[in-house]
Amino acid sequence: MVRPFNTSAENGGVQAAANMPRPTAPPLVQVNGEGDDFTNADLYVDFLILGNKENYSVRAEKKPVLDSNTQLAHMINGAVPSATIVDGKYVVRDVDKDNFEIFVRYLETKFIKFHSPSHMLQMLELASRFQCRQLEIHCVKELDHNLTIDHVLEVFRALWYYNSITPVKASIVTEQKKKRRHRKNDKPEGPVTPEEYFAALLNNCLQLIDMHAEDVFAQEAMLALRFEELEMIARRDALQMSSEIVLLDLLANWSREECMRKNLELSDENRRRVLGALCYAPHYLTMTRKEFENVKDRIELLDPAESKLVGDMLNGRKVTNLTPEQQTMVANFKQQRPPFAGMPIQLSARSNPKNYPKKMRKAAEEAEGDKRSCCDRFILNCISVFACIFD
């Protein structure tokens, strides 16, 4: 048998081979005509998006998807019993293919570029559906940063519809942050849950509506709100309006549209029925007598007895023998709206307190101080009562 020259053990061939430098280039990857990598099949995962007319395939790096701990990761790990696999591809239904690919690329790169506030909402919906908490928080921050009166109702409705959340006041968030700092021995603030971010953004939407109530109420989108959505806005005490007529006009127009949507006769009685307790949302006794009479000529949101009571009080007539319910109603009608809206919860540079007038910040601090004083007085009264009982 013929051996290659100078490769025997006697000539140091084995040692020479051991000392040879190892190749540094990666091994050649075999790829078929469609670009499928057969040698690194475990590096990628394929998703099949079912469309109306045709289906689409999206390939992603497997490790980032698994590390994301999202619903997609659970699907790959077999933790989703209802997951469907077709030809080795995981089936995804009811998604926009472009947004889904953007979502997958975000899992790979941790970077996303939004096209508009509407696109932010679409990606927020996708992040919520697949439980990507990091992207949820990122979308909320971007939505807050770009929040304007032009699309505040769109964001408000999306938060209400997709998450069914209630707003949280800025003062409550401040107290929660103080407690967290106390528990962590004054260490930097930790991450907040997406649910807290959703509630904070909803609060900021309502705060922006408070500040620009007249501009927002003039939008056609207000008339398309569902009752629950309208109720959350109309009951706000800090609505900044030149007159209660602004709110009354909104309720009158919305009730007309609602009667048309429900095929009801356009009568005052039916309009009061669709509004329910929102008929009592305006602060009637802060209006002038002339304003009230002019509104009464257009629509009667109050029944005749209630309307007469308000008219008598605006005319300076003395009213007596009020029932407890009437006394509560009159107190609400007399309540003056604050000169400023409340402060937003800081989620971005836009909602930074420094961007708001000093008078507005001071008014918010004073209002919070008054609430605390009331609570302190209540606690002291309770202590006094217990002291008398056990004395």
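In the predicted model, helix α5 passes helix α6 in a left-handed crossing, a crossing being left-handed if the near helix is turned anticlockwise from the far one by less than a right angle. Helices are DSSP runs (H or I, at least four residues) numbered from the N terminus. The model is predicted, and local features need pLDDT of at least 70, side-chain atom pairs count only at pLDDT 80 or more, and totals for chains, interfaces and linings use all residues. Residues are numbered from 1 along each chain as its sequence is written, and side-chain values use heavy atoms, with hydrogens and water left out.

The axes of α5 (residues 117-129) and α6 (residues 133-145), which are lines fitted to C-alpha atoms over the stretch in contact, come within 9 Å and cross at roughly 160°. The two helices are therefore roughly antiparallel to each other, a term for angles over 145 degrees between N-to-C directions. In contact (heavy atoms within 4.5 Å), residues of α5 including Met-120, Leu-124 and Ala-127 meet residues of α6, among them Leu-135, Cys-139 and Leu-143.

A search of the whole structure finds 2 cavities of 30 Å³ or more, a cavity being a set of points on a 1 Å grid where a 1.4 Å probe fits but cannot get out. The largest cavity has a volume of about 70 Å³, volume being the space filled by probe spheres set on the points. Its lining residues, which have an atom within 4 Å of a point, include Leu-248, Tyr-284 and Ser-307, and the largest share of this lining, 3 residues, comes from helix α14 (residues 289-298).

Notes:
On a 1 Å grid over the protein atoms alone, a cavity is a set of points where a 1.4 Å probe fits but cannot get out, and a pocket is an open set with protein on both sides within 12 Å along at least five of seven lines; lining residues have an atom within 4 Å of a point. Axes are lines fitted to C-alpha atoms, for helices over the stretch in contact, and angles run from 0 to 180 degrees between N-to-C directions. Angles under 35 degrees count as roughly parallel, over 145 as roughly antiparallel, 65 to 115 as roughly perpendicular and the rest as oblique.
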